[in-house]
Amino acid sequence: MFALSERRRTSQAVRLAPGVRVRGPIAYVPQRDHFFALDPAHEAVVRRLSGRTCRFEGHEDEVRTLAGLGICDTEPRTPRCAFFGRSVVGRMDAFPQVTEPLVVNCFATAHCPLRCTYCHADDLMTGYREQEDARWLERVLQVAGATPAMVGVVTGGEPLARIDRTARLVERLAATGKAVVLDTSGVGDFGRIVPLLLRHRVHVRISLDSADAAVNDALRPANRRFVPLGTSAAGYAQEAIRQAVRAGVPCSVQTVVTARTTSVVGLLALRDLLIELGVTTWVLHIVVPVGKAAGPRQASLLAPPNVQDVLDEVVRRTAAEALAIDIRLTGTHLAPNSTLLISARGELAVEDVARGGKKILALPRIGLRGAVLRHFRTHVDLEGHASRYLNGSLAAYDRAIGAGVTAPRS
Ligand code: SF4
């Protein structure tokens with residue numbers, strides 16, 4: 001009997017899930033907008049799947065885990081499991097070494113209808129907006145296309161503020177083999193961009209900081225130079241989430257945790273709202289003192305010392321209730337110099353921790369790819385880059401964490 005059931009399990013057909021990118025021991029799942037680090041046993045399974053359907057003998061556990069995370073598909077289907085804050089599949093002693101970027105963040109525009117109190121991109125918007133033109137966009141497209149990242153994030157500024165530029169950037173990133181993510185507040189005509197997102201399998205990340213619209217809108221107020229008084233960022237964000245979920249666009253919500261929102265009760269209320277809206281991935285960043293949040297006037301925004309305990313409690317309660325929502329706690333605050341950016345002018349930018357802003361790096365007209373890689377390896381904290389996108393934790397994914405949870409994913 002045992003032998004028969006084992007045989008049934010190993011006769012499953014297995015293939016890489018649609019859109020999944022793999023680079024050595026790192027896999028990216030676009031449906032979840034999540035990177036996973038694979039130990040040698042799981043990496044070996046994934047390597048065999050490259051471009052074909054396989055049947056495995058003797059790797060049932062690895063296949064089941066990879067399928068539960070959405071890295072591979074099986075026939076018959078293995079249900080996806082929600083997971084909480086884990087990115088390591090199997091066991092690892094250190095994060096994989098990264099020599100090429102996992103993610104590049106590309107400004108579609110420096111314009112934005114909001115003026116968030118903690119905006120980390122402020123220094124790449126002020127002084128850029130008035131001069132933004134078609135030549136700048138061409139340069140952004142060149143640099144973005146030449147950057148060998150697994151994922152290209154279209155950001156800003158607010159991509160919905162300049163939809164034509166956003167469409168060109170999405171198309172270029174997709175054409176150069178990258179998985180594409182759109183970062184948005186939702187403020188703008190989100191419905192207009194849905195067909196583009198579906199066409200290029202774009203994952204959309206929508207920002208919402210609180211279930212209480214007044215709290216959210218105080219942290220993310222409207223910029224009256226661009227939108228009418230009374231525009232609610234929370235209202236737009238929730239409407240964009242509804243439209244994305246309804247249309248089948250892979251969608252997650254990101255929340256910046258500040259002093260104002262460091263509360264178990266408040267965060268659980270937001271979690272419940274997201275579940276009600278049909279969101280299956282929730283990403284929480286602890287506010288970092290860069291950009292606007294680095295200013296002395298915003299010191300009271302910085303999260304209190306117990307913030308990690310609060311977030312752990314939110315994860316613990318969600319796991320105990322076996323709810324169908326992934327929760328990812330980024331290690332952004334622990335790895336400040338870990339991102340690669342392309343400004344709206346097409347410049348390469350990295351965090352400048354000492355100045356609380358960005359360092360702009362020169363790029364040549366030709367030999368772009370090599371120059372981008374040299375800057376990446378010289379100016380970005382490579383260990384921090386891997387750790388940032390792998391949740392800053394070497395804790396292994398454990399099926400017990402998401403036991404019994406079946407997120408309704410395609
Ligand atoms: S929406 Fe983004 S870019 Fe605009 S102000 Fe807020 S954090 Fe800054």
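Leave aside neighbours within four places in sequence, and Val151 is in contact with Tyr28, Phe35, Leu102, Val103, Val104, Lys178, Ala179 and Val181. Contact means heavy atoms within 4.5 Å.

The model is predicted: local features need pLDDT of at least 70, side-chain atom pairs count only at pLDDT 80 or more, and totals for chains, interfaces and linings use all residues. Residues are numbered from 1 along each chain as its sequence is written, and side-chain values use heavy atoms, leaving out hydrogens and water.

Now widen the view. The largest nonpolar core has 88 residues. Val151 is among those with the most contacts inside it, along with Phe35, Leu169, Phe190, Val204, Leu208 and Trp282. Helix H9 (residues 264–277) gives this core its largest share, seven residues. The core takes at least three residues from each of domain 1 (12–89 + 397–401) and domain 2 (103–389).

Some terms are needed here. A nonpolar core is a set of buried Ala, Val, Leu, Ile, Met, Phe, Trp, Tyr and Cys residues joined through side-chain atoms within 4.5 Å. Buried means under 20% relative accessible area, exposed over 50%, and partly exposed in between (1.4 Å probe, protein chains only). Helices (H or I, at least four residues) and strands (E, at least two) are DSSP runs, numbered from the N terminus. Domain bounds come from an automatic or database domain assignment. In soluble globular proteins, nonpolar side chains tend to be buried together.

There is also a second, separate core of 25 residues, which includes Cys116, Val227, Val256 and Ala293. Cys116 sits in the loop between strand E8 (103–109) and helix H4 (134–146). Cys116 is buried, at 10% relative accessible area. Beyond residues up to four places away in sequence, Cys116 touches Leu219, Arg220, Pro221 and Lys292. Cys116 and Leu219 are 103 residues apart in sequence, but 5.8 Å apart in space, C-alpha to C-alpha.

Cys116 is also one of the residues surrounding the ligand, and Arg220 is another. Here a residue qualifies if one of its heavy atoms lies within 4 Å of the molecule.

Back to the two domains. Their centres, taken over C-alpha atoms, are separated by 26 Å. Across the boundary, 18 residues of domain 1 are in contact with 25 residues of domain 2.
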